[in-house]
Amino acid sequence: MAQVEATTERIVAADAETVFDAVADYENTRAKLLTEHFSEYEVREGGDGEGTLVHWKLQATSKRVRDCLLEVSEPRDGELVEKDRNSSMVTTWTVTPAGEGKCRVVVTTVWNGAGGIGGFFEKTFAPKGLGRIYDAVLAKLAANVEK
């Protein structure tokens with residue numbers, strides 16, 4: 001099994017603290033940022049950053065749906081980590097200042113991919129697909145905080 005990684009980033013015209021607070025707000029803001037690829041969104045514990053337990057289904061392709069139950073931690077300032085209890089998938093959100101009134105948001109998802117020919121196709125195509133999904137989420141995040 002090879003590790004698969006998908007990364008996307010965006011410069012957002014808002015300060016890093018405001019953007020991080022929006023990303024970490026699972027109770028109110030996060031659901032508004034998700035695209036049609038996410039369904040059955042439910043906060044099960046917490047709701048604001050560290051200690052949150054959140055559920056959703058992620059439909060990456062017409063045939064591929066992941067049932068995700070994510071534990072949220074904040075290992076460092078400006079970093080939010082979502083670890084899936086149902087798989088090896090880990091998504092890390094990093095928000096850092098990028099000049100006056102701007103910040104850089106980087107979303108990186110890693111997981112243990114399949115072996116064999118299926119793993120080859122997963123490693124080749126999954127990062128692009130997941131990157132497109134999170135690019136759309138980041139666009140919604142920017143629209144939400146740049147008002």
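Glu71 counts as partly exposed, because its relative accessibility is 37%; buried means under 20% relative accessible area, exposed over 50%, and partly exposed in between (1.4 Å probe, protein chains only). The model is predicted: local features need pLDDT of at least 70 and side-chain atom pairs count only at pLDDT 80 or more, whereas totals for chains, interfaces and linings use all residues. Residues are numbered from 1 along each chain as its sequence is written, and side-chain values use heavy atoms, without hydrogens and water.

Glu71 has a charged partner: its side chain meets that of Arg85 in a salt bridge (2.5 Å, N to O), the term for a side-chain nitrogen of Lys or Arg within 4 Å of a carboxyl oxygen of Asp or Glu. Arg85 lies in the loop between β5 and β6 and Glu71 in strand β4, so this pair ties together parts that are 14 residues apart in sequence. Helices (H or I, at least four residues) and strands (E, at least two) are DSSP runs, numbered from the N terminus. Arg85 is likewise partly exposed, because its relative accessibility is 47%.

The whole structure holds six salt bridges. In one of these, the side chains of Arg30 and Glu82 meet at 2.8 Å, N to O. Because Arg30 belongs to helix α2 (residues 30-33) and Glu82 to strand β5 (residues 79-84), the pair links parts 52 residues apart in sequence. Both Arg30 and Glu82 are buried. Arg76 and Glu79 form another salt bridge, with their closest N and O atoms 3.2 Å apart. Here Arg76 is exposed, at a relative accessible area of 52%, whereas Glu79 is buried, at 11% relative accessibility.

Together, Ile117, Phe121 and Phe125 make a nonpolar surface patch of about 340 Å².

How values were computed: Patches are made of residues with over 30% relative accessible area and no salt bridge: like charges are joined within 9 Å, nonpolar side chains (Val, Leu, Ile, Met, Phe, Trp, Tyr) within 5 Å. Accessible areas come from the Shrake-Rupley method with a 1.4 Å probe; for residues, only the protein chains shown count as cover.
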